[in-house]
Amino acid sequence: MSWDLIVDGSVKKHLKRMPRSDAERLYAAIEEFLTNPFTGDIEKMEGEIKGKIRLGGSIQTPQVFSDFEIKDGVYGKYKFNNLRAKVDLANDELNIKNLELKKNGGNLKAIGIASFKKENINISLIAKKLPLDIMSLLIDRKFEGELNLDSQIFGKISNPAVIAKFKTGKVKLQNIDYDQIDGFFKWNNKKLLIDEFNIFKDK
């Protein structure tokens with residue numbers, strides 16, 4: 001594991017203003033993160049990780065700048081070849097410069113911005129020949145096949161809208177083989193509108 005954690009001087013300055021016991025606990029958490037980044041909410045994650053994270057700003061308005069890669073990763077029961085992330089959090093804004101998951105020749109890529117101050121979100125999510133078993137993260141069932149997806153998440157963070165166009169090759173769902181499934185749908189104001197949905201299956 002090759003992992004660098006950089007703490008800006010501004011953070012150390014604010015830590016000195018905190019009660020000593022609180023500052024010591026925070027320092028300990030930072031040191032633990034350096035030696036074992038797979039803790040807390042991501043304790044299910046495994047793999048070879050390398051990269052760096054830089055912490056800055058104040059306790060009230062923290063800034064995080066990350067650029068890392070995980071190879072031969074596992075999250076729960078889901079396995080993947082590579083996860084590359086370049087994500088920043090600064091000025092109440094999450095900037096996903098590049099977030100890409102690769103598995104068996106396919107990939108899933110996300111790029112976009114979420115502004116917590118303005119409560120706006122605009123993120124594109126694109127998949128090309130991505131193995132469908134990624135759905136097992138959401139539904140505890142077996143999926144076989146590949147997914148192509150072109151989608152956009154936008155609007156208010158509290159009530160985002162989604163538009164998505166998808167297409168599969170040969171897939172197997174619930175032990176039933178299909179030649180292709182494709183469609184186009186919209187999600188807005190908590191309502192799902194399916195503009196197109198096609199299932200192709202040879203007899």
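Author: Accessibility terms come up throughout, so here they are: buried means under 20% relative accessible area, exposed means over 50%, and partly exposed is in between, with a 1.4 Å probe and protein chains only. This is a predicted model, where local features need pLDDT of at least 70 and side-chain atom pairs count only at pLDDT 80 or more, while totals for chains, interfaces and linings use all residues. Residues are numbered from 1 along each chain as its sequence is written, and side-chain values use heavy atoms, with hydrogens and water left out.

Reader: Fine. Is Asn-91 buried or exposed?

Author: Asn-91 counts as exposed because its relative accessibility is 63%. Asn-91 sits in the loop between strand 4 and strand 5. Strands here are DSSP runs of E with at least two residues, helices are runs of H or I with at least four, and numbering starts at the N terminus.

Reader: What is phi of Asn-91?

Author: Near 55 degrees, which is positive in a residue other than glycine. For context, most residues other than glycine have a negative phi.

Reader: And what about phi of Asn-189?

Author: Phi of Asn-189 is also positive, near 55 degrees. Asn-189 is in the loop between strand 13 and strand 14, and it is exposed because its relative accessible area is 51%.

Reader: Switching to charges. How many salt bridges does the count come to?

Author: The rule asks for a side-chain nitrogen of Lys or Arg within 4 Å of a carboxyl oxygen of Asp or Glu. By that rule the count is seven.

Reader: Which residue forms a salt bridge with Arg-84?

Author: Asp-67, with the closest N and O atoms 2.9 Å apart. This pair links distant parts of the chain, since Arg-84 is in strand 4 (residues 78–90) and Asp-67 in strand 3 (residues 62–75), 17 residues apart. Arg-84 is partly exposed at 34% relative accessibility, and Asp-67 is partly exposed at 22%.

Reader: What does Lys-103 meet in a salt bridge?

Author: Lys-103 meets Asp-133, at 2.4 Å from N to O. Lys-103 lies in strand 5 (residues 93–103) and Asp-133 in the loop between strand 7 (120–131) and strand 8 (143–144), so the pair ties together parts 30 residues apart in sequence.

Reader: Is Lys-103 buried or exposed?

Author: Lys-103 counts as buried, because its relative accessibility is 9%. Asp-133 is partly exposed at 23%.

Reader: And Lys-170?

Author: Lys-170 forms a salt bridge with Asp-179, 2.8 Å from N to O. Lys-170 is exposed at 63% relative accessibility, whereas Asp-179 is partly exposed at 23%.

Reader: Aromatics next. How many aromatic pairs does a search of the whole structure find?

Author: Rings of Phe, Tyr and Trp (its six-membered ring) pair if their centres lie within 6.5 Å; planes under 30 degrees apart are stacked, over 60 edge-to-face, and the rest tilted. The search finds three pairs. One of them is Phe-166 with Phe-185, a tilted pair at 6.4 Å centre to centre and 55 degrees between the planes. Phe-166 is in strand 10 (residues 159–168) and Phe-185 in strand 13, 19 residues apart, so distant parts of the chain are linked.

Reader: Buried or exposed, for Phe-166?

Author: Phe-166 is buried, with a relative accessible area of 18%. Phe-185 is partly exposed at 26%.

Reader: Which residues make the nonpolar surface patch?

Author: Trp-187, Leu-192, Ile-194, Phe-197 and Ile-199, giving about 510 Å². Patch residues have over 30% relative accessible area and no salt bridge; like charges are joined within 9 Å, and nonpolar side chains (Val, Leu, Ile, Met, Phe, Trp, Tyr) within 5 Å. Areas come from the Shrake-Rupley method with a 1.4 Å probe, and for residues only the protein chains shown count as cover.

Reader: Which strand gives the most to the patch?

Author: Strand 14 (residues 191–200), with four residues. Trp-187 is in strand 13 (residues 180–188) and is partly exposed at 34%.

Reader: Last one. In what order do the three strands of the open sheet run?

Author: The order is 8-11-12, with antiparallel pairing. Strand 8 and strand 12 (176–178) are the edge strands, each pairing on one side only. Two strands pair if DSSP finds at least two bridges between them. Strand 11 (residues 171–173) and strand 12 have three, in the antiparallel sense, and Leu-173 stands opposite Ile-176 in strand 12.
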